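Open the model in your viewer and keep the selection panel at hand. The stops below say what to select and what is there.

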Amino acid sequence: MRPTATTRTVIPEQAVLSPMLQRLAAERATGALMRDRGTLYLADGQVVHAESPATPGIDVLLTTSGALRSEGWWDAVAQAGAGQRVARYLVDSGRVPGGALELCHLGALYDAAFFALAPTHTPARFRYGVSHWIGPVRPVPVDSVQRETLRRRELLDRIWPDALTDSAPIAPTAHPVDAPVPPRQRRVLDLVNGVRTATDIAQELGRSAFHTLVDLRRLAAAGLVEPVRPASAGSASGPVRIELPEVTADPDLALLRRLRDALEAL
Amino acid sequence: MPGIDECLLDVMRLPGARGAAVVDWTSGLALGTIGESPNGDHEATAAETAEVARMAAEQPVFAQAAHTADPAHSALRGPARPDRSPTAPPGPAVEDVIVTAAAGYHILRFVETAFDSSVFLHLWLDRSEGNLALARIRLGEIAERLVLA
């Protein structure tokens, strides 16, 4: 019995996020697929690495937590970067345990792929023959990456269907914290300040950006945070929001008065 | 060098092991799988077990019992460890979740990593051939070995 990388042969039509990626996988291409929000590195048609400006890289994930000192990271890059075997070097030099590196790298790969495969109108480019200096870790079939990316989109929308939470600065609400916040979400909540975005918080925590999105959507669903909506007033462009004059400071009171009046009129 | 695959092969050597997976409980992603899965679909199984693992990991009733020491300190954070930087994520308070079902035993073992993650090992064990107590201990050791050199 061999471990399998969860491969399925049949791909439903909607699971193809990028026809170009699909074609590159079919022709077992090697190179870098550069999309609007990130890059996927392929080797023999499999995804071997992914990067996105929206997600912390494996260096940030490993060094923020103290799992690896930043000197250790830079030493590995200096020693093995040119040979494109940085991951291998980190393990062989005893700096990062093999299993931990695989878990961390796979997490970073799916994380960056989620953003790299986000819908875009910018055409993708593929540079044949390019490979990443991190080197081989644990290749993943293109189908798995596409299926997982779709599943993740659905997961986010099931938790709280507001995509602005993923990109806008996040602010705490006035809503009191009336139920215990799980420790991992608490660490995210502590960094919410009306300025930081999900990406900023992920960088600061050294946590996968997708995990941060999940935490933020859960916090939003609990009413504890909300995205800062882009201000539309004051600008000439865009629909102007009409501010209605405030009738009363307390809408509940107004409702009660109307209710009383209606009852008295009976 | 033990990696995900070696660790899964180790798990399958346990008597009565039917299938196993390394799963991320925040996303429900299967990072590696081996053997059978109860519904014939490792990915669906991972998403489902991840939900159970998350519920267990996030319930204050399980988390607080371990260390109720300093209420002023961030409530659920464990005691500071000398071998970790202060920004290191706190270790999981829950070690494992065991479900005994008609079709077998399920052990979800949380994996404590030095970096921020939410990973657990899932073992599906045959009821007649498996030894739940032994499997639980061995799975804990394997989970530790997975992230240690």
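The expected span of a helix is 1.5 Å times one less than its number of residues. Helices (H or I, at least four residues) and strands (E, at least two) are DSSP runs, numbered from the N terminus.

Two notes on conventions come before the stops. This is a predicted model, in which local features need pLDDT of at least 70 and side-chain atom pairs count only at pLDDT 80 or more, while totals for chains, interfaces and linings use all residues. Residues are numbered from 1 along each chain as its sequence is written, chains are lettered from A and ligands numbered from 1 in the order in which they are written, and side-chain values use heavy atoms, with hydrogens and water left out.

**Stop 1: helix α6 of chain A**

Select residues 142-159 of chain A, which make up helix α6(A). This helix of 18 residues reaches 26 Å from its first C-alpha to its last, close to the 26 Å expected at 1.5 Å a residue. Of the 18 residues of α6(A), 13 are buried, so the helix is largely enclosed by the rest of the structure. Buried means under 20% relative accessible area, exposed means over 50%, and partly exposed lies in between (1.4 Å probe, protein chains only).

**Stop 2**

Axes are lines fitted to C-alpha atoms, for helices over the stretch in contact, and angles run from 0 to 180 degrees between N-to-C directions. The two helices α5(A) and α6(A) are therefore roughly perpendicular to each other; angles under 35 degrees count as roughly parallel, over 145 as roughly antiparallel, 65 to 115 as roughly perpendicular and the rest as oblique.

Which residues of α5(A) and α6(A) make the contact? On α5(A) they are A:L109, A:Y110, A:D111, A:A113 and A:F114, and on α6(A) they are A:S144, A:V145, A:E148, A:T149, A:R152, A:R153 and A:L156. Contact means heavy atoms within 4.5 Å. By class, the contact of α5(A) with α6(A) has six nonpolar, two polar and four charged residues. Here Ala, Val, Leu, Ile, Met, Phe, Trp, Tyr, Cys and Pro count as nonpolar, Asp, Glu, Lys and Arg as charged, and the others, Gly among them, as polar.

**Stop 3: A:F210**

Now pick A:F210, which is in helix α9 (residues 209-221) of chain A. Is A:F210 buried or exposed? A:F210 is buried, with a relative accessible area of 0%. Leaving aside its neighbours within four places in sequence, A:F210 is in contact with A:D111, A:F114, A:F115, A:R152, A:L155, A:L156 and B:S27.

**Stop 4: the sheet of chain A**

Show the strands of chain A. Five of them form an open sheet in the order β4-β1-β2-β3-β5, with antiparallel pairing. Two strands pair if DSSP finds at least two bridges between them. The edge strands are β4 (125-128) and β5 (140-141) of chain A, each pairing on one side only. Helix α1 (residues 19-26) of chain A packs on this sheet and touches β1, β2 and β4 of chain A.

Move to strand β2 (residues 38-43) of chain A, where five of the six residues are buried. Five bridges join β1 (residues 31-35) of chain A to β2(A), and the two strands form a hairpin with two residues between them. A:R35 stands opposite A:G38 in this pair. Five bridges also join β2(A) to β3 (residues 46-51) of chain A, with A:A43 opposite A:Q46.

**Stop 5: two loop residues**

A:D44 is in the loop between β2 and β3 of chain A. Its phi is near 55 degrees, a positive value in a residue other than glycine. At 47% relative accessibility, A:D44 counts as partly exposed.

Next select A:Q84, in the loop between α3 (70-80) and α4 (86-92) of chain A. Phi of A:Q84 is near 55 degrees and positive, in a residue other than glycine. A:Q84 is partly exposed, with a relative accessible area of 29%.

**Stop 6: the sheet of chain B**

Finish on chain B, where an open sheet of five strands has the order β2-β1-β5-β4-β3, with antiparallel pairing. β2 (29-35) and β3 (96-101) of chain B stand at the edges, each with a single partner strand, so one side of each is left without a neighbour in the sheet. Six bridges join β1 (residues 17-24) of chain B to β2(B). In β2(B), B:G35 is the bridge partner of B:G19.
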